[in-house]
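Me: I have a structure open here and would like to talk it through with you. Could we go over the sheets, the packing and the charged pairs in turn?

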Amino acid sequence: FLEKVRQYLVDKYGAEAVNMGGFRVRTTLDMKMQEQAERAVEGVLDRPADDPRAALVAIDPHSGAVRAMYGGRDYAKRQLNYATDTRRQAGSTMKPFVLAQALSDGYSVESAFEGPAKLIVDGEPFANYDDVNYGWMNLTEATRLSVNTVYVQLMKQVHPDRVVALSKKHGLAAELHLGTSVKPARSPLEKPPILPDYLSLGLGAGDVTTLQLASAFGTWANRGWHQAPHLVEKVVDSNGRVIEQHDYRAKGVQVVHPNVADTVNQVLRRAVESGTGTAARLPDRQVAGKTGTTSDYVDARFVGYTPSLVASVWLGYDNDKHKRSLLNIHGWRAVSGGTLPARIFHDFMIQATSGTEVQSFVEPQPFGVPLNSTTLPPTTAAPTTQPPPQPQPQPPPQPQPTNPGFPQSTLPGQPQPTLPGPGPGPTRP
């Protein structure tokens, strides 16, 4: 964390000023929370010689302040911050961004799709975890159970390039050097994400950092407003002159309508309460979140949040020579996002939120046009006084006829974008 602060200051003020200027710097780091992050990670991964690498980033979603950053077990031995310096596949933590685009386009969470075990879309094969056939289901259930074949159909409906743009606005393009003259692609602080605009992006084909995911999920915790992540609160020079001070009054940038964010929060709460992320549940407060596991169990993630704190967790081995899978670790045949990453999140959050005010998410008001509407029971909450968004979808949403027999594509008659490359194999929940 301190090295990131130093790099930030050098980028902004120059090495000579930083080394000789007598700066006094107040950071965003919460030392108690930092210690809790270390205990949570190393309490679960307690075999340093054999355990995979890990990263954890905790952010205040209302300000973007980074409160804790675990980037590795021993920075003195390996000068690589796994929280910010490594891009790894997102896995199914990308699915909520597809959902957010669909909701912003005016579609309802009651939109339903068939979830076959395997599906060919535009000539590319896709499959569910363990080849499970889920039948017809709405988007809430498809997210709760992380159903790949539903989400590839939804991605086709809303178009990959638009999901890429929206996810970057959420925070997947977040950089820690904001306000400096350093170009993002050359910044020593963080690598920009790689988000290919084809269908498999919705299943996790994009490469992101642990910090970027924390920043992006924080946009929903903050009801649609994104706050750029930052490490420095105040800088005072040797003469006592304040040369930098973060403005905590700034509201950030509105990315999606509050009711869209509230709906995403409600869906991701279901994923924690009774879906793939149950290991992340807290005993005294609501939690929303999403698991992510890449093909062959190379990476495992869990990103979750309360209304006031976001935590992003990643596990994986170094890919220096070849990709090593997360197999046979601490009694788990294979580590998915809902196992050790969710447990680390739980152990961290139960300490970090202890004694803090218990806050609830705002219940969303149902809205939108249901695609492929069926007789599935509704899953949204009762209407509240929160006004629904009124976006204009592109293309305009047209309810599709129920068609249980289409195995090769989704939404007949919709545009058929050409994929620039083959999609990945089955992505884990």
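Me: Let's start with S2 and S3: how many residues sit between them in the hairpin, and which residue in the turn has a positive phi?
Reply: Bearing in mind that this is a predicted model, S2 and S3 form a hairpin with 6 residues between them, and Gly64 in the turn has a positive phi of about 85°.

Me: And how do S2 and S3 pair, parallel or antiparallel?
Reply: Strand S2, which covers residues 53-59, pairs with S3 in the antiparallel sense over 4 bridges. Among the residue pairs, Ile59 has Val66 in S3 as its bridge partner, and Val57 stands opposite Met69 in S3.

Me: What does Val57 face in S16?
Reply: In S16, Val57 stands opposite Ser312, and S2 and S16 as a pair run antiparallel over 7 bridges.

Me: Is S2 mostly covered or mostly open?
Reply: S2 is mostly covered, with 6 of its 7 residues buried.

Me: OK, zooming out, what is the strand order of the sheet they belong to?
Reply: The sheet is open and has 5 strands in the order S3-S2-S16-S15-S14, with antiparallel pairing. Its edge strands are S3 (66-70) and S14 (288-293), each of which pairs on one side only. Neighbouring strands in this sheet are turned by 5° against each other on average, if direction is ignored.

Me: Which strands does H8 touch when it packs on that sheet?
Reply: Helix H8, residues 210-221, touches S2, S3, S14, strand S15 (299-305) and strand S16 (310-316), and its direction makes about 150° with that of S16. Helix H9, residues 258-274, also packs on the sheet, where it touches S14 and S15 and has a direction at about 65° to that of S14.

Me: What does Trp220 touch, leaving out residues up to four places away in sequence?
Reply: With those left out, Trp220 touches Pro96, Phe97, Ala100, His170, Ala261, Val264, Asn265, Leu268 and Tyr305.

Me: How many bridges hold S11 and S12 in their pairing?
Reply: Strand S11, residues 232-236, and S12 pair in the antiparallel sense over 3 bridges, and one of the residue pairs is Lys234 with Gln245 in S12 as its bridge partner.

Me: Now the charged pairs: how many salt bridges does a search of the whole structure find?
Reply: The search finds 18 salt bridges. One of them joins Asp318 to Arg53, with the closest N and O atoms 3.0 Å apart. Asp318 lies in the loop between S16 and strand S17 (327-329) while Arg53 is in strand S2, so the pair ties together parts that are 265 residues apart in sequence.

Me: Are Glu233 and Arg67 buried or exposed?
Reply: Both Glu233 and Arg67 are buried, and their side chains meet in a salt bridge at 3.6 Å, N to O. The pair links distant parts of the chain, with Glu233 in strand S11 and Arg67 in strand S3, 166 residues apart.

Me: Where do Asp347 and Arg343 sit, and how many residues apart are they?
Reply: Asp347 and Arg343 are in helix H10 (residues 340-352), and being 4 residues apart they are separated by about one helical turn. Their side chains meet in a salt bridge at 4.0 Å, N to O. Asp347 is partly exposed, with a relative accessible area of 22%, and Arg343 is partly exposed at 42%.

Note on methods. Residues are numbered from 1 along each chain as its sequence is written. This is a predicted model: local features need pLDDT of at least 70, side-chain atom pairs count only at pLDDT 80 or more; totals for chains, interfaces and linings use all residues. Side-chain values use heavy atoms; hydrogens and water are left out. Two strands pair if DSSP finds at least two bridges between them. Helices (H or I, at least four residues) and strands (E, at least two) are DSSP runs, numbered from the N terminus. Axes are lines fitted to C-alpha atoms, for helices over the stretch in contact, and angles run from 0 to 180 degrees between N-to-C directions. Contact means heavy atoms within 4.5 Å. Buried means under 20% relative accessible area, exposed over 50%, partly exposed in between (1.4 Å probe, protein chains only).
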